Amino acid sequence: MKAPDSAATRRPRNPDRLARDKGRAFSHVPVIDLAAALGAEATAESRQAVADEIGKACEQVGFFYVANHGIADDTIAAAWAASRRFFALPLEHKQEIHISKLPNHRGYLGIGEETLDPYAADSKEVFKVGLELPADDPDFQNGIIMYGPNTWPRDLPGFRQDVYAYYQQMFGLSRELFRLFALAIGIDEHFFDDKIDKPMAQLNLIRYPAHEGEPRVGIGAHSDYECLTLLAQDDAGGLEARNAKGEWIAVPPIAGTFVVNIGDMMARWTNNRFASTVHRVFNRSQRERYSMPFFCGCNYHTVVSCLPNCSSDSEPPHYPDTVAGEHLVGRLDATNAHRQPPQGSPR
């Protein structure tokens, strides 16, 4: 077996993942129709019925698809086209907005510069977009890297408008999902509203290069750090979620849907009632693969405590109260090469 490289061995594994590595006993990922929750004819009863479906999927799998989600095909298509335009740029053009040159966690990351599993280097390049805030935002001024203005590539007319329009639509859908999560848990539907009104939410445009030979790890085994992820994926496939038997269950693209999965912060909020399931991208197609995950976290300063209905005498809270932003930045420090100290320097 190949020994892990020295950079990987310096990165601690995700403690949330270690606590939940046993996984859930599932063999497929369910599709949930949101029409009865988001459509004009939705009622309190129909919303609760959809929320109950979502709650079951969160508890038993940690992944589900959403259909009839309300995002226009044109908005999605424009974002896909923008992503392909960006990654077609010369490398030196993309490197102009490399994340290491910017004051916040935005911009470009090259192949191998983000490693989510310390024993399997990622093979992908990424462009990261966050909540658009002015340069005088007080959190940004205080050095919080999840906030502030985005930096956009030059000479790509329409790119900013198309990508940020998609970002805003994803955030709107995320807000609706948070409300359905609350109904599923049995707490006030609007419990999360003021905890995600300045969210640490990022959209990643991702390209996995084509390759020859054996299947290749695109993203190593990991669980996501935030509350939820909304994923659009192209037709190349490759996303897999791990169940309790250690089997990798395919999560293939389904036309007209997004994949939703629970992240570590929601697992903490729900005392592991909602599963933050380990997953990976294993590119078996040898073709280029593109994806657009939207990671929705709560506000940086939110204190995440075990929610009502998520603990009992036999299942006490598993996690201490956590400042959401401090936890997230700690995970980014551990998995991004540009945030690693030089080898041999004190940590």
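How do the residues lining the second largest pocket divide into nonpolar, polar and charged? The legend to view A gives the count.

This is a predicted model, in which local features need pLDDT of at least 70, side-chain atom pairs count only at pLDDT 80 or more, and totals for chains, interfaces and linings use all residues. Residues are numbered from 1 along each chain as its sequence is written, and side-chain values use heavy atoms, with hydrogens and water left out.

**View A. The second largest pocket.** The lining divides into nine nonpolar, four polar and one charged residue. Ala, Val, Leu, Ile, Met, Phe, Trp, Tyr, Cys and Pro count as nonpolar, Asp, Glu, Lys and Arg as charged, and the others, Gly among them, as polar. The pocket has a volume of about 250 Å³. Its lining holds 14 residues, with Gln233, Ile254, Ala255, Gly256 and Thr257 nearest the centre. Helix α5 and strands β7 (228-233) and β10 (257-262) each supply at least two lining residues. Helices (H or I, at least four residues) and strands (E, at least two) are DSSP runs, numbered from the N terminus. On a 1 Å grid over the protein atoms alone, a pocket is an open set of points with protein on both sides within 12 Å along at least five of seven lines; a cavity is a set where a 1.4 Å probe fits but cannot get out; lining residues have an atom within 4 Å of a point. Grid points are joined across faces, edges and corners, and a volume is the space filled by probe spheres set on the points.

**View B. Helix α5.** This helix covers residues 73-87. At 1.5 Å a residue its 15 residues should span 21 Å, and the end C-alpha atoms are 22 Å apart, which agrees. The expected span is 1.5 Å times one less than the number of residues. Thr75, Ile76, Ala79, Trp80, Ala82, Ser83, Phe86 and Phe87 are buried. Seen down the axis, the buried residues of α5 fall within an arc of 165 degrees, so they line one face of the helix. The arc is that of the directions from the helix axis to the C-beta atoms. Asp73 and Asp74 are exposed, on the face turned away from the buried side. Buried means under 20% relative accessible area, exposed over 50%, partly exposed in between (1.4 Å probe, protein chains only).

**View C. Strand β5 and its partners.** Six bridges join β4 (residues 125-130) to β5, and the two run antiparallel. In that pair, Phe127 stands opposite Leu205. Seven bridges join β5 to β12 (residues 289-299), again antiparallel. Here Leu203 stands opposite Phe294. Two strands pair if DSSP finds at least two bridges between them.

**View D. The largest cavity.** The model holds six cavities of 30 Å³ or more. About 370 Å³ of space lies in the largest cavity. Of its 30 lining residues, Leu116, His222, Asp224, Pro293 and Phe295 are closest to the centre. Strands β5, β6 (216-222), β7, β11 (279-283) and β12 each supply at least two residues. The largest share, six residues, comes from β5. The lining divides into 15 nonpolar, nine polar and six charged residues.

View E. Three bridges join β8 to β11, antiparallel. Glu240 stands opposite Arg280 in β11. Three bridges also join β8 to β9 (residues 248-250), antiparallel. Arg242 has Trp248 as its bridge partner in β9. The hairpin of β8 and β9 has five residues between the strands, and Gly246 takes a positive phi near 85 degrees.

**View F. Loop residues.** Asp155 has a positive phi of about 60 degrees although it is not a glycine. Asp155 sits in the loop between α7 (138-141) and α8 (159-185). At 59% relative accessibility, Asp155 counts as exposed. Asn309 lies in the loop between β13 and β14. Phi of Asn309 is positive, near 75 degrees. At 48% relative accessibility, Asn309 counts as partly exposed. Asp321 is found in the loop between β13 (303-304) and β14 (322-323). At 54% relative accessibility, Asp321 counts as exposed. The C-alpha atoms of Asp321 and Ser305 are separated by 4.9 Å, with the residues 16 apart along the chain.
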